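Try each task with the model in view, then compare your steps with the worked solution.

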Amino acid sequence: MANDIFGSGLEVPARVTARGALALRTGDDRLLDGVEAILCTPQGSCPMDPRFGLALDAYDPVDDINELAWAITRAVEYGEPRVQQVDAIIERVDALNGVVEIRVEVVPRGGTTPLTRTFPFYRKE
């Protein structure tokens, strides 16, 4: 995928390259970082767009796993305009420890190959 579609942004955490410039993220990594930002942002915490983010507090990651996967799909569809298709796939459920791993696959606009990242979700005690 062409980097001009995704733009470029600072790496997080910020670092300096060997040439003394700030390190930038581009391409597919930049898009996946955007998806991660959506999933790590509590819905309602952005005053300019209260619908942005994931309403994680509304779901128990183990008991409401299908609803959580659906909410992840909807949050990414809403918050990431560079994506044309989103799938949230349940990878692993560890009910004893309250951990769920969900693989998020996104297809960039104009692309055909999905980009994948797995995110862990934990039950609050």
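This is a predicted model: local features need pLDDT of at least 70, side-chain atom pairs count only at pLDDT 80 or more; totals for chains, interfaces and linings use all residues.

Residues are numbered from 1 along each chain as its sequence is written, and side-chain values use heavy atoms, leaving out hydrogens and water.

**Exercise 1. Work out the strand order of the open sheet and name its edge strands.**

Step 1: Recall the terms. Helices (H or I, at least four residues) and strands (E, at least two) are DSSP runs numbered from the N terminus, and two strands pair if DSSP finds at least two bridges between them.

Step 2: Follow the pairing. Three strands form an open sheet in the order E3-E4-E5, with antiparallel pairing.

Step 3: Find the edges. Strand E3 (83-94) and E5 each pair on one side only, which makes them the edge strands. From one strand to the next, the twist averages 20 degrees.

Step 4: Check one pairing. Strand E4 (residues 99-108) is joined to E5 by eight bridges, and Val100 has Phe121 in E5 as its bridge partner.

**Exercise 2. Describe how H3 lies on the strands and which of its residues are buried.**

Step 1: Take the direction. Axes are lines fitted to C-alpha atoms, for helices over the stretch in contact, and angles run from 0 to 180 degrees between N-to-C directions. H3 lies across E3, E4 and E5, running at about 155 degrees to E3.

Step 2: List buried residues (under 20% relative accessible area, with a 1.4 Å probe and protein chains only; exposed is over 50%, partly exposed in between). In H3 they include Ile65, Leu68, Ile72, Val76 and Gly79.

Step 3: Think about the spacing. An α-helix has 3.6 residues a turn, so residues three or four places apart point the same way.

Step 4: See what covers them. H2, E3, E4 and E5 are among the elements over the buried residues of H3.

**Exercise 3. Find the residues with the most contacts inside the largest nonpolar core.**

Step 1: Define the core. It is a set of buried Ala, Val, Leu, Ile, Met, Phe, Trp, Tyr and Cys residues joined through side-chain atoms within 4.5 Å.

Step 2: Read off the members. The largest core has 25 residues, and Leu39, Leu54, Ile72, Val104 and Val106 have the most contacts inside it. H3 gives the most to this core, with seven residues.

Step 3: Look around one member. Leaving out residues up to four places away in sequence, Leu39 touches Leu54, Ile72, Val76, Val104 and Phe119, where contact means heavy atoms within 4.5 Å.
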